[in-house]
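Morning, everyone. I'll keep this short. Please have the structure up while I talk.

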Amino acid sequence: MPEGETGGHPQELASIQTMPKTEPLPLAPDSPPSPSALSASSSSSSSSVDSLSVAMRPSGDLLHPLKAKGWSSRKAEWTSNYRGDKEPLTALRLITWNVDFMQRDTAGRLECILSYLQDSILSSSPPPSCILLQELDASSLAAILLNAWVREHYVVTPPTTEHWKAHYGNATLISRVAPFQNTQMLVFANSHMGRAAIFVDVAMRSPDSGEVRTVRIANTHLESLPQGANARPKQLAAIADLLRGHGIDAGIVGGDMNMIGDVADQSIHVAAGLRDACHSPDDPSSHTWGYQPSTRYPPGRLDRVFFVGDRLHVDPVEVIGKGLRTKTGQWASDHYGLTTTLSFRS
């Protein structure tokens, strides 16, 4: 989102046997992590062991592993040793949503979004799904970790704020029934706003052939504002390179792409070799920002889903969350969400 206003802001400030193993990247010494971390009341432990090593990409971006943790009702804590499934999926629901860290009551608004997803989009017993969230802060991440629906059905990465490079960041929720590996974060070297991408590799089975394939899912928030126009193509290209990684059959990225500029800005996914999952990109009904509330900036399609892979089928994205308010009447976010379903075809 563009940044700068309160109220009407466009706030662009800122070991699975059935799953093929992807090739690990070379390791290099880690840089010091961001100092902020969730309190023990909302996370069982710090994930400092995530930052034992980091790989530098040709772009200068840093790629490092992340912890993924699930809730253990027996231990009453978030842990890396949780019960999950190993059976590859035939379909996966994907949701992406920028939840807005700038307005008040980030935790309450995040709870409103989770309730909406549970009641109106996914159900109390959700299908296999992956939820990509951007612009979380420590309070809204803590709300995720305290949510009973999330605790029962999802694994969270990262489970603390430790690896965020600003006071806000991204987190990905992965269904416990989804067999996955390689949770990683790519920190953009050219970002002045602490922007990054989170990756996870999920095993899926083609319903036609029964063949098991791997889809890499990325969750990102690209650089904001017109002055971020030079950074965004490089950031998306770096994501696209990883979506084509060794052992990866297809890739998909969702998030706040901040593509608010001219024709060149609107085609950075084409330059990166990615396809747009929106089938009506010029229709105002596809806009995801600029109405909650209205602003001096024009509404636009800031949030997008791009993908690569000939055999990956991605349903046209649907806009969700229009008009969503908390019980006190506050907008749940200044962004709408997007949802789609992905599967493999022979």
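On a 1 Å grid over the protein atoms alone, a cavity is a set of points where a 1.4 Å probe fits but cannot get out. A pocket is an open set with protein on both sides within 12 Å along at least five of seven lines. Lining residues have an atom within 4 Å of a point.

Two notes on the source. This is a predicted model, where local features need pLDDT of at least 70, side-chain atom pairs count only at pLDDT 80 or more, and totals for chains, interfaces and linings use all residues. Residues are numbered from 1 along each chain as its sequence is written, and side-chain values use heavy atoms, with hydrogens and water left out.

Now the cavity. Which residues lie nearest the centre of the largest cavity? They are Gly169, Asn170, Gly194, Arg195 and Ala196, out of 15 lining residues. Strand 8 (169-175), strand 9 (180-187) and strand 10 (196-205) are the elements that give two or more residues to this lining. Strand 10 gives the most, with three residues. The largest cavity holds about 110 Å³ of space. Volume here is the space filled by probe spheres set on the points, and grid points are joined across faces, edges and corners. By class, the lining of the largest cavity has seven nonpolar, five polar and three charged residues. The classes are these: Ala, Val, Leu, Ile, Met, Phe, Trp, Tyr, Cys and Pro are nonpolar, Asp, Glu, Lys and Arg are charged, and the others, Gly among them, are polar.

Next, a pocket. The second largest pocket has a volume of about 310 Å³. Its lining takes in 19 residues, and Met259, Gln266, Gly300, Arg301 and Arg304 lie nearest the centre. That lining divides into eleven nonpolar, four polar and four charged residues.

Now the overall picture. The protein has six helices and 17 strands. Helices (H or I, at least four residues) and strands (E, at least two) are DSSP runs, numbered from the N terminus. Of the 346 residues, 58% are buried. Buried means under 20% relative accessible area, exposed over 50%, and partly exposed in between, with a 1.4 Å probe and protein chains only. The accessible surface comes to about 13,900 Å², and 52% of it belongs to carbon and sulfur atoms. Those areas come from the Shrake-Rupley method with a 1.4 Å probe.

In what order do the eight strands of the open sheet run? The order is 1-2-9-10-11-12-14-13, with mixed pairing. Its edge strands, strand 1 (55-56) and strand 13 (275-276), each pair on one side only. Two strands pair if DSSP finds at least two bridges between them.

Stay with strand 9, one of the cavity-lining elements. Seven of its eight residues are buried, so strand 9 is largely enclosed by the rest of the structure. Strand 2 (residues 62-65) pairs with strand 9 in the antiparallel sense over four bridges. There, Leu62 has Val187 as its bridge partner. Strand 9 also runs antiparallel to strand 10, joined by six bridges. Gln184 is partnered by Phe199 in strand 10. Strand 10 in turn is joined to strand 11 (residues 212-221) by nine bridges, again antiparallel. Val200 has Ile217 as its partner in strand 11.

Now strand 5 (residues 92-98). Why is strand 5 described as largely enclosed? Because six of its seven residues are buried. Strand 5 runs parallel to strand 6 (residues 129-136), over six bridges. Arg93 stands opposite Ser129 there. Strand 5 and strand 17 (residues 337-344) pair antiparallel over five bridges. Ile95 stands opposite Thr339 in strand 17.

Leu117 lies in helix 1 and is buried, at a relative accessible area of 0%.

Last residue. Leu324 sits in the loop between strand 16 (318-320) and strand 17. Leu324 counts as buried, at 14% relative accessibility. That's it from me.
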